[in-house]
Amino acid sequence: MAKLVDIKGYWKMNYKCDLDFKVEDMWKGQILLEDDGWFEGIVVDPNSSYKEDRFIFGVYYPEKVIELFKSTPRDISNPFVFHGKKNTEGYDGQFEIIGLFGPTPQGNCHIITQYAETVRQEIGGESQKLEAKIRRYKDSIMDEMGKVFYENYIAIRRTMVESVLRNYEGRGFTQEEIDELSKEFGPVNDRVMHSIEEEVKKLVKKMPATMFDDDSDLPF
């Protein structure tokens, strides 16, 4: 049975070892943590002008590591990924924004978690409400690019869960395991390439027709 976990994340837009996080730069919510380490949940950014729910998912091994993806519809923001390793006060690491051609480092992050059952009783109703919020996001808020993004990770859930743990513990994969995993990644890679291709076409259509009329204006 999935466990209900309260979660709060802080971020700082820099590339130095600065962990002086501001309360304004924070998101918070809840996740449902499965037995295999996979989780999904909903958070809000209290100080953002965008007040709608935001969807998070990823891999979480309590007392070890968390890999968290955070997304909204693409016209609000590109998705983010937060990487955190356990310390005495939570999980510290870096976060990146995921653009059309991959992730770009943005700065540092700090994540705090707490099992809801340790501070509150009768949390069954909370879990059901969170499940309903997750369904609502997927059915009514998640856009087409968000679905592709999420489904690509769902397709490799087993591999991703195992990879996060092995990377944390400094263990790799055998060649036999790599060969087996490549069969799983093949269809996903094809979908990713197709979605990138479609996104590039949309971007090109939005560009002014006269943008590159003069060779001197080329960006290279």
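Which residue is the bridge partner of E67 in β6? A few notes on that and the rest of the fold follow.

1. First, the ground rules. This is a predicted model, where local features need pLDDT of at least 70 and side-chain atom pairs count only at pLDDT 80 or more, while totals for chains, interfaces and linings use all residues. Numbering runs from 1 along each chain as its sequence is written, and side-chain values use heavy atoms, with hydrogens and water left out.

2. Back to E67: its partner in β6 is H83. Strands β5 (residues 65-71) and β6 (residues 80-87) run antiparallel, joined by 6 bridges. Strands here are DSSP E runs of at least two residues, helices are H or I runs of at least four, and both are numbered from the N terminus; strands pair if DSSP finds at least two bridges between them.

3. β6 also has 6 bridges to β7 (residues 90-99), again antiparallel. The two make a hairpin with 2 residues between them, and K86 has Y91 as its bridge partner in β7.

4. F173 sits in the loop between α3 (157-169) and α4 (175-206). It counts as partly exposed because its relative accessibility is 28% (buried is under 20%, exposed over 50%, partly exposed in between; 1.4 Å probe, protein chains only).
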